[in-house]
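Hi everyone, thanks for coming. Let me put the structure up, and then we'll walk through a few spots together.

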Amino acid sequence: QVQLVESGGGLVQPGGSLRLSCAASGKISGFNVMGWYRQAPGKQRELVANIASSGRTRYADSVKDRFIISRDNAKNTIYLQMDYLKPEDTAVFYCYFFDSRDYWGQGIQVTVSS
């Protein structure tokens with residue numbers, strides 16, 4: 001019903017920046033929540049940030065001073081601007097979508113290393 005297309009991952013040095021995008025398509029309701037989770041090897045998946053169609057946002061404490069999530073409701077696309085990246089940010093990032101059920105992107109790698 002809903003398809004998610006992620007982009008923007010890659011390799012950056014500590015202190016660098018990346019911008020992730022996730023575009024949703026399909027049968028999308030007027031209200032939904034989209035966001036990003038991440039999972040590092042051997043670690044549990046954790047919420048990074050999410051944003052509702054209302055504009056309400058949530059951030060993990062570890063990223064709230066460094067990352068900004070935004071969305072373009074007309075395009076059903078979210079963006080995660082990640083600045084001042086740290087090695088501990090290294091993970092596979094998964095786009096998330098919820099209205100009547102959960103949807104997940106396939107995941108994109110973010111690697112922060114010198």
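Let's begin with a bond: the torsion about the S-S bond of C22 and C95 is about -90 degrees, so this disulfide is left-handed. The pair ties together distant parts of the chain, 73 residues apart, with C22 in strand β3 (residues 18–26) and C95 in strand β9 (residues 91–98). A disulfide here is a pair of cysteine sulfur atoms within 2.5 Å, and the S to S distance between C22 and C95 is 2.0 Å. Searching the whole structure turns up 1 disulfide.

A quick word on the source: this is a predicted model, where local features need pLDDT of at least 70, side-chain atom pairs count only at pLDDT 80 or more, and totals for chains, interfaces and linings use all residues. Residues are numbered from 1 along each chain as its sequence is written, and side-chain values use heavy atoms, leaving out hydrogens and water.

Strands are DSSP runs of E, at least two residues, numbered from the N terminus. Buried means under 20% relative accessible area, exposed over 50%, and partly exposed in between, with a 1.4 Å probe and protein chains only. Both C22 and C95 are buried.

S21 also sits in strand β3, and S21 is buried at 16% relative accessible area. Beyond its neighbours within four places in sequence, S21 has contacts (heavy atoms within 4.5 Å) that include W36 and Y79.

Finally, G8: where is it placed? G8 lies in the loop between β1 (2–7) and β2 (10–12), and it is partly exposed, at 31%. The C-alpha atoms of G8 and L18 are separated by 6.8 Å.

Key. Helix = DSSP H or I, 4+ residues; strand = E, 2+ residues; numbered from the N terminus.
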